[in-house]
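Look over the sequence and the structure first.

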Amino acid sequence: MPSGRLPWQRLARWAGVLAGGPERPLAVQGSELKLSHGKVEVTGTNESQEVPYTIRQMGIYLVVDTDIGLVLLWDKKTSIFINLSPEFKSRVCGLCGNFDDIAVNDFATRSRSVVGDVLEFGNSWKLSPSCPDALAAKDPCTANPFRKSWAQKQCSILHGPTFAACHAHVEPARYYEACVNDACACDSGGDCECFCTAVAAYAQACHEAGLCVSWRTPSICPLFCDYYNPEGKCEWHYQPCGAPCLRTCQNPRGDCLQDVRGLEAPPCPESQRQGWV
């Protein structure tokens with residue numbers, strides 16, 4: 001790994017229906033970044049102010065790369081990954097856990113007591129006491145029983161031969177459960193999107209464990225990079241696992257504040273690299 005770049009480890013995956021949902025703010029040293037409807041809106045800065053982060057596109061992910069040791073990756077849909085540098089181990093707290101590699105104590109409340117109830121844990125981290133407590137969500141497959149069999153069939157790819165090599169490294173059970181819940185919940189359009197992002201989350205976890213799984217097909221969550229190729233040429237092509245700091249058309253030098261695990265990405269074709277130095 002080049003000098004000056006930190007080795008990165010995955011801290012947590014925070015999933016929520018972002019597309020079409022409420023704004024999700026990220027505060028970075030006086031700046032606030034709002035993630036909503038596939039876009040990032042920046043407030044709290046002026047044109048002359050040097051910002052402590054960069055925003056770039058890496059394949060299907062939008063990456064917020066900060067100089068404080070945090071990287072946020074968003075697929076502009078339902079998945080967010082937060083990566084922290086090792087110097088933060090056991091020095092953070094909140095909804096994403098404490099980053100000490102001990103999963104059983106992640107449900108620590110604001111008062112530092114470890115609880116087993118997810119609602120008690122989550123409600124303890126409200127920003128304002130005037131906010132109402134979150135209530136237990138109804139099981140989406142119970143609310144939409146007509147979608148359950150479809151969701152189970154689609155999500156069975158996680159237990160099947162496609163990901164067989166990964167099963168010994170990343171237990172698929174909780175990803176399968178999340179996939180079924182997400183697929184059942186998307187009952188008013190975007191059903192394939194919810195399924196695809198859930199499977200992509202497991203594929204990313206496998207990649208972080210050192211296994212690259214090429215799981216997309218023309219009939220399962222395809223990414224048609226080849227559509228953009230000029231006639232008779234093959235410049236745009238899909239890569240299930242890109243480089244840690246990908247050279248893209250927006251980042252031709254491949255300069256990144258921090259390295260991240262390779263993401264699904266179509267690299268910038270040679271014809272777009274004219275003028276690179």
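## Strands and cores

Student: Is strand β6 largely enclosed or open?

Tutor: This is a predicted model. Strand β6 covers residues 61-66. Six of its six residues are buried, so the rest of the structure leaves β6 largely enclosed.

Student: Which residues of β6 point the opposite way from Y61, V63 and D65?

Tutor: In a regular strand, side chains alternate between the two faces of the sheet. In β6, Y61, V63 and D65 take one side, and all residues on both sides are buried. Pointing the other way are L62, V64 and T66.

Student: Which residue takes a positive phi in the hairpin of β6 and β7?

Tutor: β6 pairs with β7, residues 70-74, in the antiparallel sense over four bridges. D65 stands opposite V71 in β7. Three residues lie between the strands, and the one with a positive phi near 100° is G69.

Student: Which element gives the largest share of the largest nonpolar core?

Tutor: That core has 25 residues, and L158, F163 and W215 are among those with the most contacts inside it. The elements giving two or more residues to this core are α3, α4 and α5. Nine residues, the largest share, come from α5.

Student: How many residues does the second, separate core have?

Tutor: Its members include L33, L35, Y53 and L84. The count for this second core is 12 residues.

Technical notes: Residues numbered from 1 in each chain as written. Predicted model: local features only at pLDDT ≥ 70, side-chain atom pairs only at ≥ 80, totals over all residues. Heavy atoms only, no water. Buried < 20%, exposed > 50% of the residue type's maximum accessible area, 1.4 Å probe, protein only. Pairing = 2+ DSSP bridges. Core = buried A, V, L, I, M, F, W, Y, C linked by side-chain atoms within 4.5 Å.
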